[in-house]
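Below are my notes on the model you sent.

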Amino acid sequence: MSLVPTLAETVSRARADLRMGLPVMLGGHLVGAVETLSAERLRDFQALGKPVLALTERRAETLKARVYDDGLARIELPDDADLHWLRALADPSGDLMTPMKGPLFTQRGGDATPHMAALALVKSAQLLPAALVVPARALAGLTVLAPGAALAQMAGEAAMDPVAAARLPLASAERSRLHIFRPDDGGAEHYAIEIGDPPRDAPVLSRLHSACYTGDVLGSLKCDCGPQLHAALDAMGKEGAGVLLYLNQEGRGIGLANKMRAYDLQNQGFDTVEANHRLGFEDDERDFRIGAALLRRLGFDQVRLMTNNPRKVSMLQGHGITVTERVPLVTARNRFNTNYLDTKASKSGHLL
Ligand SMILES: Nc1nc2c(ncn2[C@@H]2O[C@H](COP(=O)(O)OP(=O)(O)OP(=O)(O)O)[C@@H](O)[C@H]2O)c(=O)[nH]1
Ligand SMILES: [Zn+2]
């Protein structure tokens, strides 16, 4: 029956529910995103039993909470836990002001798959990676998912469907086309800017650019994204051929709101990697398979890749794209981005 939602559709719906503050069912568990949960809904969770707070291992490390499960901790809620308690554990912005949040007790044993799926869902909803989980029977009207199946679906690779394309003359290259691609899992659309008419049987000059609203649009001095975007387009324009993928993976995949949280932590003295970890994210949450899939979809299997990031090279190679050359993308330093660039070089292996 084609009118019943597929697993991908149900996962996408669950993501939207959590963003709005509506809980979802993961197997026999009710799950809510801490960031969007209301005080009233928290009380309803507590009326159902003993909820736990699922946090990533990264966040648990910062909070000095024990981790018994693979990649996550299930923190028991004290009976008097309120929204303020939950948010202080989920959101690191006040960590320096209120460093003592414990003692925290981590649940051990039993199946943590629902909690793992809950964290994967809130992460893919680009919320703070913290979820409230309580055993419960299915409630009418809530989206229901099997945790294992949801995890497998989120780990899988979405198919990219071309939606529309048109000529778009650019300052750096008048002969350009913008292609829009839509993943079949309800995720963000991605774009390809094709410059000239690059032959498909030779390595094409290319760039995988991750969205940076602050750098690309506002001209932020805190990073090198805007100048890199324009330098790449200029180089392609000069050569008369190239392809730039504009991937909507803002903030290395954590979303703009979380990136601003990371910037706030950077203002408190943490570097770009530490800030991600304190929030509960890995350094880089991007799915680089998307770049390979889009290149293939456009008919390219060999690239000369403009990047300073060796991970991009190895990820493309690992997903069937031959990188015949790495073309460095030198960027301008200023007093606001110099620490950021140094951290990328020392901690993330960037070749700067
Ligand atoms: N989480 C987080 N993301 C950031 C920060 N500064 C910039 N970004 C994001 O980092 C990404 C940078 O992307 P890219 O320039 O494509 O990638 P890169 O890994 O630096 O590699 P190359 O530029 O190719 O050398 C963008 O999505 C930015 O929004 C930060 O401090 N924290
Ligand atoms: Zn940037």
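1. Confidence. This is a predicted model, and the mean pLDDT of the chain is 95. A score of at least 70 is reached by 100% of the residues. For the complex, the predictor reports an ipTM of 0.97 and a pTM of 0.96. Where pLDDT is low, predicted coordinates should not be read in detail.

2. An open sheet with mixed pairing is formed by six strands in the order 4-3-5-2-1-6. Its edges are strand 4 (72-76) and strand 6 (144-145); each has a single partner strand, so one side of each lacks a neighbour in the sheet.

3. Pairing at strand 4. Strand 3 (residues 52-56) and strand 4 run antiparallel and are joined by five bridges.

4. Helix 2 on strands 2 and 5. Helix 2 (residues 39-48) lies across strand 2 (29-33) and strand 5 (130-135). The angle between helix 2 and strand 2 is about 155°.

5. Helix 1 against helix 6. Two packed helices are described by the angle and the distance between their axes. For helix 1 (residues 7-20) and helix 6 (residues 147-155), the axes come within 10 Å and cross at roughly 95°. Angles of 65 to 115 degrees count as roughly perpendicular, so helix 1 is roughly perpendicular to helix 6. Helix 1 contributes L7, A8 and V11 to the contact, and helix 6 contributes A149, A150, Q153 and M154. By class, this contact of helix 1 with helix 6 holds six nonpolar residues, one polar residue and no charged residues.

6. Helix 1 against helix 5. The axes of helix 1 and helix 5 (residues 113-124) come within 9 Å, with a crossing angle of roughly 75°. Helix 1 is therefore roughly perpendicular to helix 5. On helix 1 the contact residues are A14, R15 and L18; on helix 5 they are L121, V122 and S124. The contact of helix 1 with helix 5 comprises four nonpolar residues, one polar and one charged.

7. The seven-stranded sheet. Seven strands form an open sheet, again with mixed pairing, and their order is 7-8-9-11-10-12-13. Strand 7 (160-167) and strand 13 (322-327) are the edge strands, each pairing on one side only. On average, neighbouring strands of this sheet are turned by 25° against each other, direction ignored.

8. Strands 10 and 12. Which way do strand 10 and strand 12 run relative to each other, parallel or antiparallel? Strand 10 (residues 204-210) and strand 12 (residues 302-306) run parallel and are joined by three bridges. S206 stands opposite L305 of strand 12.

9. Helix 8 (residues 225-239) lies across strand 9 (190-195), strand 10, strand 11 (242-247) and strand 12, and runs at about 165° to strand 10. Helix 13 (residues 310-318) also packs on the sheet, where it touches strand 10, strand 12 and strand 13. The direction of helix 13 makes about 165° with that of strand 13.

Technical notes. Residues are numbered from 1 along each chain as its sequence is written. Chains are lettered from A and ligands numbered from 1 in the order in which they are written. This is a predicted model: local features need pLDDT of at least 70, side-chain atom pairs count only at pLDDT 80 or more; totals for chains, interfaces and linings use all residues. Two strands pair if DSSP finds at least two bridges between them. Helices (H or I, at least four residues) and strands (E, at least two) are DSSP runs, numbered from the N terminus. Axes are lines fitted to C-alpha atoms, for helices over the stretch in contact, and angles run from 0 to 180 degrees between N-to-C directions. Two residues are in contact if their C-beta atoms, placed from the backbone, lie within 7 Å. Angles under 35 degrees count as roughly parallel, over 145 as roughly antiparallel, 65 to 115 as roughly perpendicular and the rest as oblique. Ala, Val, Leu, Ile, Met, Phe, Trp, Tyr, Cys and Pro count as nonpolar, Asp, Glu, Lys and Arg as charged, and the others, Gly among them, as polar. pLDDT is the predictor's confidence in each residue, from 0 to 100.
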